[in-house]
Amino acid sequence: MDFLGLPVFAALKGKMQWHQARQGVLAENIANAATPGYVAKDIAPMGQANLKLASTNTTSGFAALVTNPKHIPAAIAPSSGLSGARPSSSFEITPDDNSVVLEEQMMKIAGNQMDYQAATSLYTSNLGLIRTAIGRGSG
């Protein structure tokens with residue numbers, strides 16, 4: 001039996017991939033903090049992401065669902081295969097019309113990192129439980 005195919009592992013793997021993609025978008029925001037006219041982006045929360053299984057060449061097998069032919073799918077991280085960056089709502093605009101607030105982005109990165117670490121911790125502990133169960137069952 002493939003234990004890594006269990007729903008708990010699939011959900012945690014998807015959550016970790018989502019956090020990796022979000023980290024890339026937030027890093028892009030920080031990299032463009034001084035770009036005139038740049039609008040900060042964020043990814044839709046995982047429960048609201050419009051993802052579907054697709055036969056693409058991405059490693060994860062997911063692609064963005066384009067709901068309007070005028071929309072251009074954004075590439076977040078080539079390795080993740082996730083897309084769906086959207087403008088982030090910010091309540092501060094700089095004189096050069098840049099909406100990136102570094103403090104806000106750093107807070108989002110810190111929160112994202114903590115959530116990713118929580119998901120990896122749950123993944124590791126569930127894997128440990130499976131290993132323990134297999135060890136007890138065979139002896």
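Analyst: Happy to! A residue is called buried when its relative accessible area is under 20%, exposed when over 50%, and partly exposed in between (1.4 Å probe, protein chains only). By that rule, 27% of the 139 residues of the protein chain are buried. Please keep in mind that this is a predicted model, where local features need pLDDT of at least 70, side-chain atom pairs count only at pLDDT 80 or more, and totals for chains, interfaces and linings use all residues. Residues are numbered from 1 along each chain as its sequence is written, and side-chain values use heavy atoms, with hydrogens and water left out.

Now to your salt bridges (a side-chain nitrogen of Lys or Arg within 4 Å of a carboxyl oxygen of Asp or Glu): the structure has four. In one of them, Lys41 pairs with Glu28 at 3.6 Å, N to O. Lys41 belongs to strand S1 (residues 41–43) and Glu28 to helix H1 (residues 7–31), so this pair links parts 13 residues apart in sequence. Helices (H or I, at least four residues) and strands (E, at least two) are DSSP runs, numbered from the N terminus. Lys41 is partly exposed, at 27% relative accessible area, and so is Glu28, at 32%.

Asp42 and Lys108 form another salt bridge, at 3.6 Å, N to O. Here strand S1 holds Asp42 and helix H2 (residues 102–138) holds Lys108, so the tie spans 66 residues of sequence. Both Asp42 and Lys108 are buried. Lys108 also meets Glu104, at 3.7 Å, N to O; the two are four residues apart in helix H2, about one helical turn. Glu104 is buried, with 17% relative accessibility. Through shared partners, salt bridges join Arg22, Asp42, Glu104 and Lys108 into one network.
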